[in-house]
2 protein chains.
Amino acid sequence: MPEPASVTPSEVRRLCRANEFNKPTTAAYSDGHTQANLLILPEKYAQDFRNLCMRNPVSCPLIGELDPGDPTVPEHLAANCDIRTDLPRYNIYKDGNLLETKTDITAEWKEDSVAFLIGCSYTFEAALFAKGLIPRHSELKRNVPMYRTKVPLMTTGVFSGRMIVSMRPYPVDSVESVREITRPYVRTHGEPVAWGEKGARTLGIDDPEGTHPDFGDPTEIREGEIPIYWGCGVTPQQVVIDSEIDGIVISHAPGHMLVLDLLVKEVCA
Amino acid sequence: MPEPASVTPSEVRRLCRANEFNKPTTAAYSDGHTQANLLILPEKYAQDFRNLCMRNPVSCPLIGELDPGDPTVPEHLAANCDIRTDLPRYNIYKDGNLLETKTDITAEWKEDSVAFLIGCSYTFEAALFAKGLIPRHSELKRNVPMYRTKVPLMTTGVFSGRMIVSMRPYPVDSVESVREITRPYVRTHGEPVAWGEKGARTLGIDDPEGTHPDFGDPTEIREGEIPIYWGCGVTPQQVVIDSEIDGIVISHAPGHMLVLDLLVKEVCA
């Protein structure tokens, strides 16, 4: 098998459909292409969820949605793509509890299922890599650390909650570069929302060493570095799982994204 | 002169241009049409401001913008409209201080001036009126009370700050109606962001009687009523005025909006 970066999106999806993609993550696959978080909800909550994304685009950047009951991903996002089979792993939730993790959700797909695709930070991380600003968690071969904040989302319909952010430490004199590099990625969280001690206070995060995140893995904030915080696609997932909606909710399993044909340059401003 | 509600937008603008619109506010004029907040900045800050709106659409719902140096409002928003003359009153700021209030800014308009039009809550208030849910400040013939919150905006480039919200008290059993009525007005702040005691705490507001707002006028929260909070167009205005940008910033004077040809039904989702 070739290097992950050079595997095409359609090949990743074919492997997923055949249950032959057995890697721990889709990160680093299909260089130059966008990856997406997945959320599947009953249709009666679709408009509230659309509004949640529209009102909170930094936390919930909506890249696309599928027609109710139709598992076909829009052609311009991914050709010949069935949302029920073409991700490596799915999590299935009911009443806020994880029921099961599966590689195929054909049995769970319903006539009123609506799938939403949400921008993923892997996209802007590639841009940081390209400029030599290696995300610490990649260097450490860990998951990115994530934190619950006290910042409320803009409520809509049945959905309300608080922002979750991801954190990457960088030297204090790299902050402006990091901001500029990630700013154009408006459909994949874009530039940071806060940084440093003051930023942590604003968000209500108290973990100066980066060793006690609420989700993901601990990291290392080294001498001369400060934490930088971005909007995070776990936010809509957590909001939907935590909300008391009827029926099941399906998401990608962490790290197991949908690899799109959509080019990274197409999600930039 | 006819009732304010039946004066056409073009007639309001003609009166403004002739310096003959001497009312305290444009509120209640041109029923069924949208009104807009105005912000004029030097072009070098335009992209950061656009991003601010895109990342904070509840506080900063961008309805349109003019080409740099061109004072002509886009035809679909308002026909034959010159942004320098067609509002009743303008505020001119430098370094965060109000320099002057004028009825015409032709002398202040520069080659690098860019004008932004931002949704205004007058639009959804008309919908509340129509359902018999009269905003208290209208009943009292006062300005709406507004509060600074502790909720950070999604930072972008040179701009950062905190949300400002407007508040209207309603009986507790009207909350769901009020939410539903204002929800569709996504380009004019939309549904409330928070309500009641818990909402006030989330926003960091401590004024249970509604008598000590940070902007606007005191109101009355009566027996059985709770405060309901919405995003507010004063937010981007305050962010821009408070930021340390070079050059002058011009806004509409409070209550003196641009009356657009754009219909209210065109700004609904």
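Trainee: Why is Arg136(B) called buried?

Mentor: In this predicted model the relative accessible area of Arg136(B) is 6%, and buried means under 20%, exposed over 50% and partly exposed in between, with a 1.4 Å probe and protein chains only, so Arg136(B) counts as buried. Because the model is predicted, local features need pLDDT of at least 70, side-chain atom pairs count only at pLDDT 80 or more, and totals for chains, interfaces and linings use all residues. Residues are numbered from 1 along each chain as its sequence is written, chains are lettered from A and ligands numbered from 1 in the order in which they are written, and side-chain values use heavy atoms, leaving out hydrogens and water.

Trainee: What makes the contact of Arg136(B) and Glu225(B) a salt bridge?

Mentor: The definition asks for a side-chain nitrogen of Lys or Arg within 4 Å of a carboxyl oxygen of Asp or Glu, and the N to O value for this pair is 2.7 Å. Arg136(B) belongs to helix H4 and Glu225(B) to strand E9 of chain B, 89 residues apart, where helices (H or I, at least four residues) and strands (E, at least two) are DSSP runs numbered from the N terminus.

Trainee: Which class does Arg17(A) fall into, and why?

Mentor: Arg17(A), at 43% relative accessibility, counts as partly exposed, whereas Asp86(A), at 1%, counts as buried; the two form a salt bridge with closest N and O atoms 2.7 Å apart.
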